[in-house]
Amino acid sequence: MPMVIFRQRGADLYCYIAKQDLEAKVIQVEHDTAERWGGAVSLEGGRCYYVSEQPGRPDFPVSLRASRDAQN
C-alpha cells in the first residue's frame, strides 16, 4: 500500500502519491462528512484509490495509506 499525502489548497483537495511522484486533484471522496472521511477517492485523470475511513474529516495535510483495490 502506497503512502499518500492529502493537502488542501484553497477549496480544492490534492493527493500526492510518493512512489509515483504524482500529484492530482481529488474529484470525489466516498465519505466526506463531519462523522467520517475516506473510502473510495477519485482523482483527476481517472485514478481511484481506497483510504480507510477516518473518524471525521482530518486536518490537512495528512499522510495515509491507500490501496488501488476497492474495499467493501
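Trainee: Which residues form one aromatic cluster?

Mentor: In this model, which is a predicted one, the aromatic cluster is formed by Phe 6, Trp 37 and Phe 60. A search of the whole structure finds two aromatic pairs.

Trainee: Why is the pair of Phe 6 and Trp 37 called edge-to-face?

Mentor: The ring centres of Phe 6 and Trp 37 lie 5.2 Å apart, and rings count as a pair if their centres are within 6.5 Å. The planes of these two rings stand at 85 degrees, and an angle over 60 is what the term edge-to-face requires, so the pair is edge-to-face. Phe 6 belongs to strand 1 and Trp 37 to strand 4, so this contact ties together parts that are 31 residues apart in sequence.

Trainee: What makes Trp 37 and Phe 60 an edge-to-face pair?

Mentor: The reasoning runs through the two values again: for Trp 37 and Phe 60 the distance is 5.7 Å centre to centre, with 65 degrees between the planes, and the limits are within 6.5 Å for pairing and over 60 degrees for edge-to-face. Because Trp 37 lies in strand 4 while Phe 60 is in the loop between strand 5 and strand 6, the pair ties together parts that are 23 residues apart in sequence.

Trainee: How do you know whether Trp 37 is buried or exposed?

Mentor: Trp 37 has a relative accessibility of 0%, and buried means under 20%, so Trp 37 counts as buried. Phe 60, by contrast, has a relative accessible area of 21%; exposed would need over 50% and buried under 20%, which means that Phe 60 is partly exposed.

Trainee: Where does Asp 59 lie, and why is Asp 59 called exposed?

Mentor: Asp 59 is found in the loop between strand 5 and strand 6. Its relative accessible area is 70%, and the label exposed applies over 50%, so Asp 59 is exposed. The C-alpha atoms of Asp 59 and Gln 8 are separated by 9.1 Å, although these residues are 51 apart along the chain.

Trainee: How do you know how many disulfides the structure holds?

Mentor: The structure holds zero disulfides. For Cys 15, the nearest cysteine sulfur is that of Cys 48, 11 Å away, whereas a disulfide needs two cysteine sulfur atoms within 2.5 Å. Cys 15 is buried, with a relative accessible area of 2%, while Cys 48 is partly exposed, at 33%.

Trainee: In what order do the strands close into a barrel, and what is the sense of the pairing?

Mentor: Six strands close into the barrel in the order 1-2-3-4-5-6, and the pairing is antiparallel. The twist from one strand to the next averages 40 degrees.

Trainee: What makes strand 5 and strand 6 a pair?

Mentor: Strand 5 (residues 48–54) and strand 6 (residues 62–67) are joined over two bridges in the antiparallel sense, and at least two bridges are required for pairing. Tyr 50 stands opposite Ser 67 in strand 6.

Trainee: Which residues touch the most other members of the largest nonpolar core?

Mentor: That core has 16 residues, and those touching the most other members are Phe 6, Cys 15, Val 26, Trp 37, Val 41, Leu 43 and Val 51.

Trainee: How far is the charged end of Arg 9 from the centre of the ring of Tyr 14?

Mentor: The charged end of Arg 9 sits over the ring of Tyr 14 at 4.9 Å from its centre, and the distance limit is within 6 Å. Arg 68 likewise lies over the face of Tyr 49, at 5.0 Å from the ring centre.

Conventions: Residues are numbered from 1 along each chain as its sequence is written. This is a predicted model: local features need pLDDT of at least 70, side-chain atom pairs count only at pLDDT 80 or more; totals for chains, interfaces and linings use all residues. Side-chain values use heavy atoms; hydrogens and water are left out. Buried means under 20% relative accessible area, exposed over 50%, partly exposed in between (1.4 Å probe, protein chains only). Helices (H or I, at least four residues) and strands (E, at least two) are DSSP runs, numbered from the N terminus. Axes are lines fitted to C-alpha atoms, for helices over the stretch in contact, and angles run from 0 to 180 degrees between N-to-C directions. A nonpolar core is a set of buried Ala, Val, Leu, Ile, Met, Phe, Trp, Tyr and Cys residues joined through side-chain atoms within 4.5 Å. Rings of Phe, Tyr and Trp (its six-membered ring) pair if their centres lie within 6.5 Å; planes under 30 degrees apart count as stacked, over 60 as edge-to-face and the rest as tilted. A charge sits over a ring if NZ of Lys or CZ of Arg is within 6 Å of the ring centre and within 35 degrees of the ring normal.
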